[in-house]
There are 2 protein chains.
Amino acid sequence: MRWSKYFMPTAKEAPKDAETISHKLMSRAGLIDKTASGVYTYLPAGYRVLRKVENIVRREMDRTGAIELLMPALQPANLWQETGRLNKMGPEMIRFIDRHNRLMLFGPTHEEVITDIVRKNFNSWKHLPVTLYQIQTKFRDEMRPRFGIIRSREFLMKDAYSFDVDEQGLELSYARMKETYEKIFTSCGLKFCLQQADSGVIGGKFSEEFVAQGECPELEIGHIFKLGTQYSELMRAVFVDNNGKEKPFVMGCYGIGVSRIVAAAIEGNYDEKGIQWPLSIAPFVVLIVPTNIDNTQIKESAEKIYRQMQHKDIEVLIDDRNESVGSKFADGDLSGIPLQIIIGKKACESKGEIKIRKENRLVEVTIDNITGWIEDYIKQQNNG
Amino acid sequence: MRWSKYFMPTAKEAPKDAETISHKLMSRAGLIDKTASGVYTYLPAGYRVLRKVENIVRREMDRTGAIELLMPALQPANLWQETGRLNKMGPEMIRFIDRHNRLMLFGPTHEEVITDIVRKNFNSWKHLPVTLYQIQTKFRDEMRPRFGIIRSREFLMKDAYSFDVDEQGLELSYARMKETYEKIFTSCGLKFCLQQADSGVIGGKFSEEFVAQGECPELEIGHIFKLGTQYSELMRAVFVDNNGKEKPFVMGCYGIGVSRIVAAAIEGNYDEKGIQWPLSIAPFVVLIVPTNIDNTQIKESAEKIYRQMQHKDIEVLIDDRNESVGSKFADGDLSGIPLQIIIGKKACESKGEIKIRKENRLVEVTIDNITGWIEDYIKQQNNG
């Protein structure tokens, strides 16, 4: 990608309402744009990060044998009457009366819908255990939206639901999901801890939350629940066990704030100059910075490396803008792209520099060896 | 994937409200589940198809140089007041008053939001032309939802917006998008025609719609508009041209009904037994049908081929359910998976059959040659 043709608008100043470092840096680095209070557009580079996180979550969920589907955000209120939750939910749940005078809502969570699907389609112990999940946009009319995408009114979540024949099965499903969450957060470059939590309106008998380490006062990034038979009993969701007896499904549910991971990754990976993206979720892996595009040798060397990177399928951005070298360096550091290839005056000696952003370390490499060096670095990081 | 562990519930009968063949077959093949009137869950196999269509759309959009972002579904009404469209939109647009007493809406389209983003971030002819797009869930409170996912209240759309310096630029952007749409629909196995259309509440001076061929009375699958300066003038979205003069952006907008493509592909590819998926968007490429899993030779031959397919990264489903051969054949045809490998009595002679679903043609192949045959077939289809 060429920065001159891309849409990654950087800014020296953060918006006045930005309190946390992730909100400030996401705005300054051109990752998000505010559409309304608590409502953001993911600009192209921000969306690339969001999709990388989404794909890590999907990969690890699929590896556990969980099956992906997509439930609707729109839900009929009558399902929520069955569990009595319609009245328990506060004004943060968005409701409206539809054209046929039926009460509808935008589901902040999907226990009712998934239990309805399972009771209609699963009737035997032979189908169990099963874990179903989705990655879906959720809405919440927050009283006080803040911290950018951390406490926003529209966000991306992964929610999974496990169905087992008994408590022992639930313990296994729960343990497997806990382990998967650790893999996901580690893959996304987060440091986190696990703590016992209040189960709130989700209910159930036990829950734990994953909290990202950082300065932000919020950042629950995951919450896992042992629900037991609370929903299946209220909604009469039953299966026939191996003795021919009807039993309610024993359930668990497991949420991840996919968009929150993006902010949490910044809270844990930055310095005074900007973001230091983990390689796994960076918008681009490599940034090529020709210091002066009016110098033919510099420009041609940079373009050559750009073509090599594209040929190797390495995600690369080239800063071909007609900006001062100072602006380019500042924007490069702000963007947090893990590897910067700086092509400057030493191009005439066939040399360039590679900057490893997270260490701010510079390595001088001959131009012919740069692509190989980058490939080796990526391989090492992926194996480590 | 093993059918016994998967969630693809087939049914002999379609729901009573299903009028079109795609609605009937999507329900019977276990691709969708109705949550409320006009509101559907994509069950796992249905979701696989939806994502394949989404990825074809993304691939072709990226190839044109269009840049992906993600705008919010939630929009503040004040943006719609700027263009006067707040009052033009009918009751199909979902509105609500938020906790701070502001009128909010779920945007059925994003001209206002994208124009707001562009006016804040682009100020020079040097940034143009640019085409921005998103793939996003939209909501519509339909008076009469029908035809399953075709006229539903929640659906996936791709919407793109082009910004040019003048009319001539718009003509080029429009022509490029038209060509891209033809590639997308062809890649998804659709037959379609293009016709001049009414621009409705989107406005602008000229629009054309892509209509899929089939029996369904709806199935607009794409609509492209030359908007001109209608939105940019009303919202004062201007750039400085190469003579230093302020000018409004010249815009186009381009929509694709991503979920509608799924239904349209079925309307154009089925027979009396079920779906005949095009290879490009099928939930799985290969279905292995061991006719009798109690027969060791049949079972082991089928499992061996299953492992080979997985090793080759061919998307495969094995029907390891303990069902009658008649049910398995009926479900296999209903599912529409393009290639069925039938392992039956001839397994003792090391022979199996491959059924090409779209031709209902059977080919006898020795078991050792099956995987190679399938690989060649896929290669041929992808090159044709």
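Strand β17 of chain A, residues 286–290, is mostly covered, since five of its five residues are buried, where a residue counts as buried if 20 or more other C-beta atoms lie within 10 Å of its own, as exposed if 12 or fewer do, and as partly exposed in between, with C-beta atoms placed from the backbone. Helices (H or I, at least four residues) and strands (E, at least two) are DSSP runs, numbered from the N terminus. This is a predicted model, in which local features need pLDDT of at least 70 and side-chain atom pairs count only at pLDDT 80 or more, while totals for chains, interfaces and linings use all residues. Residues are numbered from 1 along each chain as its sequence is written, and chains are lettered from A and ligands numbered from 1 in the order in which they are written.

In a regular strand the side chains alternate between the two faces of the sheet. In β17(A) both faces are covered, with V286(A), I288(A) and P290(A) buried on one side and L287(A) and V289(A) buried on the other. This strand pairs in the parallel sense with β18(A), residues 316–318, over three bridges, two strands being paired if DSSP finds at least two bridges between them. Within that pairing, L287(A) stands opposite L317(A). Leaving aside neighbours within four places in sequence, I288(A) is in contact with A302(A), I305(A), Y306(A), V316(A), I318(A), D319(A), I341(A) and I343(A), contact meaning that the C-beta atoms of two residues, placed from the backbone, lie within 7 Å.

In soluble globular proteins, nonpolar side chains tend to be buried together.

Seen as a whole, chain A has 11 helices and 21 strands, and its C-alpha atoms fill a box of roughly 80 × 45 × 35 Å, taken along the principal axes. Of its 384 residues, 49% count as buried. Among contacts in chain A between residues at least 6 apart in sequence, 68% join residues at least 24 apart. The chain is divided into domain 1 (3–267) and domain 2 (284–383), with bounds that come from an automatic or database domain assignment. The C-alpha centres of these two domains of chain A lie 38 Å apart, and six residues of domain 1 are in contact with nine residues of domain 2. On the domain 1 side, the touching residues divide into three nonpolar, two polar and one charged, in a scheme where Ala, Val, Leu, Ile, Met, Phe, Trp, Tyr, Cys and Pro count as nonpolar, Asp, Glu, Lys and Arg as charged, and the others, Gly among them, as polar.

Chain A also holds an open sheet of seven strands with mixed pairing, in the order β3-β7-β8-β14-β11-β10-β9. Its edge strands are β3 (67–68) and β9 (192–196) of chain A, each of which pairs on one side only. Inside this order, β11(A), residues 220–228, and β14(A), residues 250–257, run antiparallel and are joined by six bridges, with G222(A) opposite I256(A).

The contact between the chains takes 39 residues from chain A and 39 residues from chain B. Elements of chain A that each supply at least two residues to its side include β1 (32–36), α2 (44–63) and β7 (130–139), and by class that side has 27 nonpolar, five polar and seven charged residues.

In strand β21(B), residues 361–366, the number of buried residues is zero out of six, so the strand lies largely in the open. It pairs with β20(B), residues 351–356, in the antiparallel sense over six bridges.
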